[in-house]
Structures are given as structure tokens and as C-alpha cells.
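Please read this briefing with the model open beside it. The notes begin with a sheet and its packing, and then turn to a pair of helices.

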Amino acid sequence: MSQWSQVQQLEIKFLEQVDQFYDDNFPMEIRHLLAQWIESQDWEAAANNEAMAMILLQNLIIQVDEQLDRVSQEKNLLLIHNLKRVRKLLQGKYHGNPMHIAVIISNCLREERRILAAASMPVQGPLEKSLQSSVVSERQRNVEHKVSAIKNSAQMTDQDVKYLEDLQEEFDFRYKTIQSLEQNDKNSALIKQEMLALQAMLNTLDYKRKEVLGKIGRVIHEIDVLMSNMLTEELLDWKRRQQIACIGGPLHGGLDQLQNCFTLLAESLFQVRRQLEKLDELLTRLTYDGDPIPVQRPQLLEKVNFLLYNLFRNSFVVERQPCMPTHPQRPMVLKTLIQFTVKLRLLIKLPELNYQIRVKATIDKNVSTVSNRRFVLCGTHVKAMNMDESANGSLSVEFRHLGPHMVTEELHSISFETQVCLYGLTINLETSSLPVVMISNVSQLPNAWASIIWYNLSTNDPQNLSFFNNPPAATLSQLLEVLSWQFSSYVGRGLNSEQLNMLAEKLTGQQVSYNDYQLSWAKFCKEHLPGKSFTFWVWLEAILDLIKKHILPLWIDGYIMGFVSKEKERILLKDKTPGTFLLRFSESNLGGITFTWVDQLENGDVTFHSVEPYNKGRLSALPFADILRDYKVIMADNVPENPLKYLYPDIPKDKAFGKHYSCQPNEVSKPSDGGGKGYVPSVFIPVSKILNDSTEPHSPSDLLPMSPSVYAVLREHLSPTAIETALSSPYSTD
């Protein structure tokens with residue numbers, strides 16, 4: 001079943017989540033019509049490879065054209081209209097930046113997987129629940145409402161300033177008219193009446209000046225309160241959501257909404273600044289005793305400038321954290337001399353700033369190291385922000401060719417600095433990436449990624465580079481949620497409660513309460529598992545790698561139970577029909593998967609058999625689905641049979657795995673087809689043997705299972721003695 005088919009079967013509350021991230025950037029019609037094709041492409045790799053992204057974009061347009069031809073024949077007018085609109089969007093919006101559509105589609109597919117994983121969980125995880133609370137949503141709506149109200153107030157004050165300017169011009173004209181009269185004329189009753197009218201007008205001017213200054217003061221106060229409270233909280237929440245998204249959690253939307261708020265506030269502050277400049281201009285033309293402008297204007301202008309400084313400083317953010325194109329799902333792990341990408345955005349989107357802001361990237365700028373070694377970034381480290389490279393027109397810059405030159409064990413920070421010069425203001429801006437871990441060899445990647453997970457799970461502090469000097473413990477419930485995200489984001493299917501229970505017991509060695517238990521960093525990543533030569537995280541990372549490279553379709557279909565102990569599997573299988581089996585990951589071998597089936601002896605006793613775990617080396621030679629189909633064991637009487645009948649609990653084996661078989665058994669070619677002239681052809685014999693003597697201990701077998709056709713060829717070319725010798729390694733459990 002395709003991922004999109006699974007999505008369509010979700011409950012309405014999950015479908016509403018899906019609806020939120022499909023918009024005009026990537027319409028849902030295309031996702032629906034091209035579901036199979038979209039899911040078969042590597043959008044994650046294309047998101048960091050421009051040439052690959054361009055090819056995928058062109059192929060996507062071809063796919064849309066084919067759908068357009070089909071619906072044109074069906075005369076579906078509405079769909080024809082929508083597909084033409086989508087085609088125009090793809091050609092116009094993404095032609096200059098094809099990687100952006102790759103990023104969008106990759107994010108959509110990933111978010112679908114996360115929602116599918118969440119739907120399979122009986123209870124929403126604590127981290128995800130905190131990110132999606134109703135309080136946060138209500139605050140977002142309040143911020144947008146208040147920003148809109150502030151913008152309206154600033155515009156209304158513009159009208160008041162214009163009225164004040166008109167009133168002063170009238171006063172100035174009438175006053176100068178009287179001043180131009182002869183002295184005798186000034187004593188006339190009419191002129192005295194005019195002077196009284198001018199005094200009344202001056203009083204009105206004074207009142208209006210105070211009123212305008214009061215309104216400007218209230219707008220400034222409202223902006224100050226909004227920035228200090230709700231907007232700051234919104235920005236911090238977005239940064240926290242970004243942290244969580246980097247380690248596999250829900251996508252961190254909301255940056256466009258924040259940009260809209262920041263931009264409107266900046267426009268309002270600049271509008272207020274122009275109003276204060278206009279008041280200063282009016283002051284130079286007319287002042288009087290008790291004039292409020294010279295008293296209040298300097299204080300208000302100082303406050304406006306202060307708010308603009310803070311607004312700009314907060315608006316400079318890392319939109320996409322540093323990431324190597326070769327490992328798109330392992331952000332913030334960087335390898336020496338390997339280029340990485342990082343994207344920054346200024347949330348204040350003003351046309352005047354396009355191509356006017358040059359950003360410089362440095363590493364560990366504010367960090368002094370004991371060794372005094374200097375760390376440098378190779379590649380282009382100065383670029384201008386612009387609105388042309390982003391599909392949504394945001395003011396951003398993407399560094400695509402940076403690379404670290406040296407490494408140490410500790411966390412590092414990549415800093416970015418620039419200067420904004422606008423309307424007489426000069427503002428220095430600086431921001432930093434989340435801490436990154438640098439490695440010199442890809443073998444260090446698993447432990448580096450564990451560090452990234454633990455840091456971003458445990459702290460909101462974006463710049464605690466000494467974090468691992470004394471790493472805090474993590475709540476087990478949150479850690480398990482993040483571990484499930486590793487599977488949903490990396491291999492397309494998260495973990496259910498039973499699987500998480502097994503991981504919890506493996507981490508703690510006992511059954512514990514998720515909410516109360518605190519797990520140490522050492523237990524997660526430093527200490528070896530009891531009786532093993534590897535840590536919990538190395539064991540889990542090896543399983544992720546095995547799934548990704550060798551058994552991904554079976555995992556996505558949900559047919560691999562995976563995380564179940566040997567004790568639990570026997571409880572599950574003991575009452576099942578003989579030949580019922582389940583698939584689980586090896587606890588003693590790194591990156592191994594085995595299957596166990598239940599059998600019944602002649603005396604009615606139940607027995608269990610487990611094959612030696614298959615690792616990536618053996619699975620590279622033969623697909624796992626084919627192994628399950630062709631697997632044979634030979635009993636003492638040398639009669640081969642496949643003991644695997646039903647996938648737990650009672651699914652016929654071929655029904656579960658049939659679509660993943662690479663070929664039919666009778667298609668296996670005879671070895672004589674390739675035998676050299678004058679030689680007896682040889683064959684590779686994957687076979688397992690179960691002894692009748694149940695008291696004889698089982699030991700690991702190094703033999704792969706064999707197909708019926710291979711066994712037939714074996715009988716044709718080898719003697720019974722030779723076969724017996726080949727089968728001398730007995731069969732055992734893991």
C-alpha cells in the first residue's frame with residue numbers, strides 16, 4: 001500500500017493535520033494524482049543537489065503533462081483548469097530554484113510519515129503534545145490580530161498627522177496675512193476678531209499635537225508590549241520547534257506567519273518614525289510656550305529606534321540548520337572538508353533591503369579554545385541576502401559551499417553577521433546556528449548524531465557549547481518519542497507502544513514508568529549493554545541502517561515486529577499454528593534480523609526455532625523477502641521443507657510478502673547454464689539442518705537458506721555423503 005493510500009485511511013483529526021501543510025506551493029491534487037511516482041523519487045537527495053533537483057522538476061512537469069492529456073480526453077474541466085495552474089506554477093516559481101520544490105515535497109512526505117506514525121500510537125507523545133497545545137495556537141492568533149490592529153492604528157495616526165499639517169498650514173496662512181497688514185488695520189474690530197479665531201485655532205493645534213503624540217505613544221507602547229511578550233514567545237517557540245524538527249519531530253511551520261508579523265511591525269515603526277519626523281518639521285515652522293513636541297518627540301523617537309534595533313536583531317534567524325547534502329536526515333553533523341548548506345532569513349521583508357545586506361559566516365567566533373587552534377570555513381563565506389532565490393520571496397541567503405577545515409571533540413557554533421543601513425539607522429546583526437558536531441570520519445556519524453539528539457531533546461539553549469561537560473538526564477517518555485521519530489523520519493514508519501516498551505526495558509533493564517524515569521547520557525550512548533560489546537545507541541543505529549538499505553518495504557508495510565525479546569516472542573508464538581513465525585531484530589548481533597517459528601513435536605510439545613541473524617552483508621546477496629519465500633530446512637531424513645507458513649498472528653506468508661518477491665522459484669537458473677567446458681558446475685548451497693536429537697545443543701549456522709531448484713541441482717551433482725558433509729553445521733537460535 002502506498003504511503004498516500006495509508007494517509008487517506010487516517011481519522012479526520014489526522015487528515016486535518018495533513019491538510020495544513022499542502023498549499024499552493026505544492027497542491028494536494030498533484031500529490032494525489034502522482035502518488036506512486038512521487039514516492040518513488042529521492043526528494044531528500046535532490047533537496048541538496050541542484051542538478052538532481054532540476055531533473056526531478058522536469059520529470060514532474062512531464063508527469064503533470066501526461067495527467068493533463070488524460071483528463072483532457074475525459075473532459076474534466078475543473079481538473080484541467082487546476083493542472084494547467086499547477087504546471088504554470090512549477091515552471092514559473094521553481095525553474096530558477098528547483099531545490100526548493102524538492103525541499104517542499106521531501107518535507108511533505110516526511111510529515112506524512114510522522115503523522116502515520118503518530119496515528120499508530122495510542123497516546124500522543126509529550127513533546128508533540130507540548131508543541132501542538134491549544135495555548136500556543138491561541139497565542140499565534142492573538143499575535144496576528146494585535147499586529148493587524150497596530151498597523152491600522154499607525155495608518156489612522158497618519159491621517160491625524162495629515163489633518164494637523166493642514167490645520168497648521170491654514171493657521172500659518174491666516175497668521176501671516178494678519179502680520180502683513182498695516183498697523184492701523186490691525187486695530188480694527190474685524191482683525192481683533194480674527195486674532196481671537198487664531199488663538200482658538202492655536203489652542204486646537206496644541207490639542208491636536210498632544211493628541212497625535214498620545215496616539216503615537218500608544219502605538220509605540222503596544223508594539224513594545226507585543227514584542228516583549230507574545231512575539232518573543234512565538235519566536236522562541238518556533239526555534240524550539242525547529243530544534244525538535246531537526247531530530248525527526250513535526251515540521252516547524254509558522255516562519256512565514258512570523259515574517260508577516262515582523263514585517264508589519266517594522267513598517268509600523270518606520271511609519272511612526274516618519275510621523276515623528278513630520279512633527280519635527282511642523283515644529284520648525286511653528287512653536288509656542290507649552291509646545292508638547294520638543295518635550296515628547298525625542299523620547300518617542302529614541303524608543304522607536306530602540307524597538308527597531310531589537311526587532312531587526314530578533315528577525316535574523318537560521319531558517320535551515322547546517323546540513324551535509326550527503327546526509328540530509330542528519331543535520332548539524334559536519335565532516336571536515338565536506339561541503340554543507342545552511343540558510344538564513346531576515347524576517348523583516350522590505351524591498352529596500354534586497355541585495356543590500358551582505359552576510360559573513362564564521363566558525364566559533366565567540367569561543368576561545370584551550371588549544372588556541374584556529375577554525376576556518378572553506379568556500380564562499382560572504383553572500384548577499386535577496387528575495388529572488390526563495391520561492392516565497394523571503395529575504396534570505398543560502399550558503400551551499402561551506403566546509404569546516406579542522407575539528408575537535410566539543411560542540412561548535414557557526415556564526416553569521418551582517419549590517420543593515422536603512423533610513424539613517426545602522427544596525428549590526430548577528431545570529432548563530434544550533435551547536436554542530438564535527439567529525440573527521442563517517443564512522444563517527446552515529447555517535448555524533450546521538451549527541452545532536454540528546455542536546456536538542458534536553459535543552460532550549462541554542463548556544464550551550466559546554467553542554468556535554470555535564471549532560472543532564474532525559475525523561476524516558478520524551479526519549480522514546482524521539483526514538484520513534486528516528487524511525488518515522490528515516491525509514492518511513494514509527495514505533496508502536498509494544499516496540500517502545502521493549503526499548504525501554506533494554507535501556508533500563510526493568511519495567512519502569514515512562515513519566516518518572518530519568519535516563520543518563522552515559523546509559524544511552526556511552527555504556528555497553530549488559531554482556532555486549534556495544535552501546536544501546538550503536539545497536540539501534542545499526543538497525544536503522546539495516547532497514548534503510550535492505551528491508552525498507554517490509555518495514556513500511558508493518559510486517560516486521562522487530563523489537564521483541566526472545567522471551568516475549570515465545571509467549572506470542574506458543575499457542576499459534578505450527579509454522580507461524582515473526583521477524584525480530586537481533587539483540588546480540590549489530591544490524592541483524594532473524595525469524596523465529598513455532599513447531600510441534602510428535603509428543604505434542606511446542607518447540608521454537610530461530611535462524612542465525614541476517615546482516616547487511618548476507619542481505620546484499622539475497623533479498624529478505626526471497627529468503628522467506630525459499631527458506632528450507634532439512635530434517636534428519638534429508639527431506640527439505642519450508643517451515644514458514646503464517647506471519648504472526650495468522651497472515652499467510654505469500655499474502656504478506658508476495659508483492660516483494662523478486663522472482664518466482666522456478667526462475668532460478670541451473671548452475672550448468674554457466675558451467676565451463678570440461679568442469680562440473682558448482683553451486684552455492686544455503687541450507688540449514690535441524691537434528692532430531694532435541695538434547696543436542698544448537699549452535700549458530702553460517703549457511704543461507706536454499707531454494708528447491710538449488711537443492712535439486714545439488715542432488716544431481718553431489719553424492720549423499722557430500723551433501724551430509726555440507727550440512728554438518730547444525731541449526732540454532734539467536
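Five strands make up an open sheet of mixed pairing in the order 15-14-13-18-19, where two strands pair if DSSP finds at least two bridges between them. Helices (H or I, at least four residues) and strands (E, at least two) are DSSP runs, numbered from the N terminus. This is a predicted model in which local features need pLDDT of at least 70 and side-chain atom pairs count only at pLDDT 80 or more, while totals for chains, interfaces and linings use all residues. Residues are numbered from 1 along each chain as its sequence is written, and side-chain values use heavy atoms, with hydrogens and water left out.

- Strand 14 (residues 593–600) and strand 15 run antiparallel and are joined by 5 bridges.
- Tryptophan 597 has histidine 609, in strand 15, as its bridge partner.

**Helix 13 and helix 14**
- The axes of helix 13 (residues 255–285) and helix 14 (residues 293–315) come within 10 Å and cross at roughly 155°; axes are lines fitted to C-alpha atoms, for helices over the stretch in contact, and angles run from 0 to 180 degrees between N-to-C directions.
- Helix 13 and helix 14 are therefore roughly antiparallel to each other (angles over 145 degrees count as such).

Conventions:
Parallel < 35°, antiparallel > 145°, perpendicular 65-115°, else oblique.
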